[in-house]
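Here are some notes on the model for your review. Please read them beside the coordinates.

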Amino acid sequence: MIFSTTKGRRLKLRSTPFPPAWREILHRRFPLLACLPPDDLRELEGRIQVFLAEKQFEGCDGLVITDEIRVVIAAQACLLLLHRDTDYYPDLKSILVYPSTYFSRVTEEDEEQQAAFAGQSWQRGPVILAWDAVQGAVSNPWDGQNVVFHEFAHQLDEEDGRVDGVPVLAAKGPLPERLSRYRSWARILSQEFAQLQQASAAGHASVLDEYGATNPAEFFAVATECFFEKPRQLREKHPELYAELKRFYQQDPAEWDLPAPFTPEANT
Ligand SMILES: [Zn+2]
């Protein structure tokens, strides 16, 4: 059976000792990890090993893929998977990495033009990232901006076949319970999305980046960045949204051992 083979292989990978050189990379490049509970860190290391065994990395525009690039990206992608019954981004085969912001064709108002990107996520296709943007995101973990969290949130969103801001919330369990999860998500996320649209139109600042006002899919991706990078501000200003994301991600970053001096006002 393919399923049990995959499951067995993943369990084995997760229990393989984590290479000390990779741990050193994480320690040096991903300061957010210093705040994670020790059990989460151990789980993350296991998930990184599965992710790196299953996904291809391709360097673009001459970028040579190194262990540092693979480990730094994998760690951020896998942080979104902790504590969950996950299939490791099943539609994703490869991650393309450019040295810096890259240009890609977009169609806007029926006109094709070139636009600059720090990252993209294609449905049933690759995640594309600019390495300089990834490095900026990982070295500044409390500014609410993280291109890797953003693009991998899109990957989670598409697991049910639609990119609509609603990931798979409850695949198992009694139907009434599952329905209530979806109802609660729909009510709170659409309320919060509308609020961000209004704030953005009125020029009011929000703890959520105004790019989230673009559409519900971008709202979920932006809210994910904020959940992990400005958790206390998000919990304080948008407690219902924080609670929904906490239930989905099964993590509570506002309770992590955040660095001092870290105050709720520091990064709003
Ligand atoms: Zn996006």
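A salt bridge here is a side-chain nitrogen of Lys or Arg within 4 Å of a carboxyl oxygen of Asp or Glu. The model is predicted: local features need pLDDT of at least 70, side-chain atom pairs count only at pLDDT 80 or more, and totals for chains, interfaces and linings use all residues. Residues are numbered from 1 along each chain as its sequence is written, and side-chain values use heavy atoms, with hydrogens and water left out.

1. Salt bridges. The rule gives a count of 17 salt bridges. One of them joins R9 and E54, at 3.2 Å from N to O. This pair links distant parts of the chain, 45 residues apart: R9 is in helix α1 (residues 2-15) and E54 in helix α3 (residues 38-54). Helices are DSSP runs of H or I with at least four residues, strands are runs of E with at least two, and both are numbered from the N terminus.

2. Exposure of that pair. Buried means under 20% relative accessible area, exposed over 50%, and partly exposed in between (1.4 Å probe, protein chains only). R9 is partly exposed at 41%. E54 is also partly exposed, at 23%.

3. R29 and E68 form a salt bridge, with the closest N and O atoms 2.3 Å apart. R29 lies in helix α2 (residues 20-29) and E68 in helix α4, so the pair ties together parts 39 residues apart in sequence. R29 is buried, with a relative accessible area of 16%.

4. A further pair and a network. R162 forms a salt bridge with D164, the closest N and O atoms being 3.3 Å apart. D164 is partly exposed at 27%. Salt bridges with shared partners join R9, R10, E54 and D87 into one network.

5. Zinc site. Which residues coordinate the zinc ion? The donors are H150 (NE2), H154 (NE2), E218 (OE) and E218 (OE), at 2.0 to 2.7 Å. Donors are N, O and S atoms within 2.8 Å of the metal (3.2 Å for Na, K and Ca); water is not among the atoms, so sites may look incomplete. The donor residues are spaced H-x3-H-x63-E in sequence. H150 lies in helix α6 (residues 147-157) and E218 in helix α8 (residues 216-229), so this pair ties together parts 68 residues apart in sequence. H150 is buried at 8%, and E218 is buried at 13%.

6. Domains. The domain assignment, which is automatic or from a database, gives domain 1 (1-163) and domain 2 (168-268). Their C-alpha centres lie 20 Å apart. Contact means heavy atoms within 4.5 Å. By that rule, 29 residues of domain 1 touch 25 residues of domain 2.

7. Domain interface. About 2,300 Å² is buried between domain 1 and domain 2, with carbon and sulfur atoms giving 58%. C35, W142 and H150 supply 27% of the area that domain 1 buries against domain 2, more than any other three residues. Buried area is the accessible area (1.4 Å probe) that two parts lose on being put together, summed over both. The count between the two domains is 1 salt bridge.

8. Backbone check. H83 has phi near 70 degrees, a positive value in a residue other than glycine. H83 sits in the loop between α4 (67-79) and β2 (94-98). Y89 has phi near 50 degrees, again positive in a residue other than glycine. Y89 is in the loop between α4 and β2. H83 is partly exposed at 33%, whereas Y89 is buried at 1%.
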